[in-house]
Every structure is written in C-alpha cells, then in structure tokens.
Amino acid sequence: MRVTLLGTGDTTGTPTVGCDCDTCEAARERGVERTRFSVHVENERLDESLLIDFSPDFRYQFLREEVPLPDAAVITHIHFDHLDGLGNVFRILDSLDVYAADETDPETGKSVAETVRDDYHYLEPLEVHPTTPRETISVCGLEVTLVPVEHPPLVCYGLAVEDPVTGAKLSLTGDTSYNVPEASREVLADPDLLLADAIVPAHLCEYHPIGGRHETDDGVPRTFGTKHMTREGALELADELRADRTRLVHLAHYYPADEAFEEPLAVDGETYVL
C-alpha cells in the first residue's frame with residue numbers, strides 16, 4: 001500500500017493566496033506547499049488506486065505527483081476543500097466509484113452520499129455508493145471502514161484502510177475535534193500510519209473567538225474551537241491510538257514560521273509504503 005499525501009493544508013492552503021506572513025514566505029523560500037486536503041492510496045498488488053477526498057487542487061496535485069488516476073474515491077464530508085475537486089473527473093475518467101456515508105445529516109437533511117449524488121448529478125462517470133459507517137467494505141482490494149468523528153455543524157468521518165493480505169493499516173482522523181467517539185477510536189487504533197488533523201498549535205487557541213476545548217490536566221487545549229484538533233491534541237490522540245507513525249495534516253498557515261515545518265508536520269508530496 002503506497003500512500004501519497006497530495007494535500008496537507010487547510011481551507012486556504014500554505015502559502016495562502018495574497019498572504020505575506022512569515023510562514024507563507026518561508027514556504028515559498030523552501031519550495032514546499034500545503035494544498036487542500038487529499039490522500040492517494042495505491043494498492044500496488046492490484047494496480048488500483050483509492051483517493052480520499054477530492055481537493056479543489058486535484059488537477060495540480062495529480063500533475064505534480066504523477067500518481068495514477070483513481071479507480072475509486074471516499075468522501076469524508078461536504079466542505080468544499082474536501083469535495084469540490086470532484087468536478088475534475090469530467091472528460092478525465094470513464095468511471096469512478098465514490099463511497100460516502102449514508103447517515104442523514106440533521107444540518108442538511110441529506111447524507112454525504114446524497115449530497116455528492118445531487119451536487120454532481122451531471123457527471124455520468126460517477127457511481128455513488130451509500131456506505132454505512134463502521135461497516136467494512138472492499139475497495140480496490142483494500143478494506144475500508146468509515147467512522148463518525150466530531151466536526152460541527154456537519155457530519156464528518158474518519159476512516160481506516162487495511163490491506164487484508166499484508167495487514168498494513170492506514171488511519172485518518174478526518175476533520176475532527178479531539179472528541180472522537182470511543183467506538184471510532186477502536187476502528188482507527190493500531191495503524192502503521194496515522195494522518196491526524198492538527199490545524200494549529202494549542203497556544204493559538206487564545207485567538208479563536210471561543211478559545212480551546214478538551215483541555216489536558218495542565219490546561220492545554222486539545223481542540224481549537226469546536227472543529228479541529230490542535231497539534232497537541234492530535235499527538236495525544238496518536239499516542240492513545242498506538243500509531244506506529246504519525247503525520248499531522250490539515251495544517252493552517254497560522255503556525256509560526258519557526259514551528260511550521262518541524263516534525264511531525266507534513267508537507268505535500270510525502271510518500272509512505274506500508
């Protein structure tokens with residue numbers, strides 16, 4: 001299982017358009033970037049590929065990394081930075097199986113699968129497969145399990161991807177606070193590689209209108225606002241999940257420049273063979 005981090009940034013990416021902050025300038029000087037979130041998983045045994053989330057930067061990411069076009073995709077939630085690249089399949093793919101959760105979102109009155117189907121009804125190559133969270137499905141020869149996480153006000157999902165032949169396991173937290181349900185943690189546990197949402201360091205919670213949540217005994221916020229983990233929260237979750245290796249993703253350009261490129265913060269283009 002070859003995992004390529006196509007996009008490791010948050011909604012605006014790094015460098016952010018029109019921004020000359022120290023972190024964006026440092027990214028330009030280093031020649032690194034964090035485009036909007038997407039992960040490519042290739043089952044080299046079957047020569048098939050799974051794409052997790054469709055970044056608006058889809059075209060650029062695939063040209064840059066030269067990875068195979070996907071045979072199937074999983075959509076974790078309907079925020080634009082995870083979904084709006086789906087329109088790129090027009091005139092590029094003859095067919096694409098898209099898997100998304102079948103639970104109705106009280107906020108929208110639709111499931112993620114229904115939203116994808118309705119918003120992209122004009123794309124003939126798409127076949128949307130409503131998928132029940134915590135029920136394992138086989139995609140591209142890999143076992144995929146969606147799990148609910150906490151990303152208000154919308155429903156959102158993390159997932160585990162396992163190779164039934166080698167036993168290799170990739171887990172993604174999805175966009176989430178630290179308050180990941182215990183049943184979901186059980187599915188995500190013991191990965192060879194964990195990709196964990198860590199939008200900012202905990203000390204920046206003072207700048208959020210509602211601050212931080214889920215503090216440690218020492219008062220360190222593990223959640224930034226309500227929707228995302230802090231770096232400290234993501235690392236603590238990684239320890240609790242017993243991750244063999246952790247890369248922090250969905251990173252904002254608000255990381256101070258002297259922290260923004262330290263381990264284990266990911267940048268685009270990293271590749272791992274599990």
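Guide: Start with residue classes. Ala, Val, Leu, Ile, Met, Phe, Trp, Tyr, Cys and Pro count as nonpolar. Asp, Glu, Lys and Arg count as charged, and the others, Gly among them, as polar. Keep in mind that this model is predicted.

Visitor: How many cavities of 30 Å³ or more does a search of the whole structure find?

Guide: A cavity is a space where a probe fits but cannot get out. Here the search finds 2 cavities of 30 Å³ or more.

Visitor: Which residues lie nearest the centre of the largest cavity?

Guide: F37, T173, G174, D175 and V249 do. They belong to a lining of 14 residues. Strand 11, residues 193-197, gives the most to this lining, with 3 residues.

Visitor: How do the residues of that lining divide by class?

Guide: Use the classes from the start. The lining of the largest cavity has 6 nonpolar, 5 polar and 3 charged residues.

Visitor: What lines the second largest cavity?

Guide: This cavity holds about 30 Å³ of space. Its lining is I78, D105, T108, K110, S111, V112, T115, L154 and V155. By class, that gives 4 nonpolar, 3 polar and 2 charged residues.

Visitor: Now pockets. How much space lies in the largest pocket?

Guide: A pocket, unlike a cavity, is an open set of points. The largest pocket has about 330 Å³ of space. Its lining has 19 residues, with T11, I199, F224, K227 and H228 the closest to its centre.

Visitor: And which classes make up the lining of the largest pocket?

Guide: Its residues divide into 8 polar, 7 nonpolar and 4 charged.

Technical notes. Residues numbered from 1 in each chain as written. Predicted model: local features only at pLDDT ≥ 70, side-chain atom pairs only at ≥ 80, totals over all residues. Heavy atoms only, no water. 1 Å grid on protein atoms, 1.4 Å probe; cavity = no way out; pocket = protein on both sides within 12 Å on 5 of 7 lines; lining within 4 Å. Points joined across faces, edges and corners; volume = space filled by probe spheres on them. Helix = DSSP H or I, 4+ residues; strand = E, 2+ residues; numbered from the N terminus.
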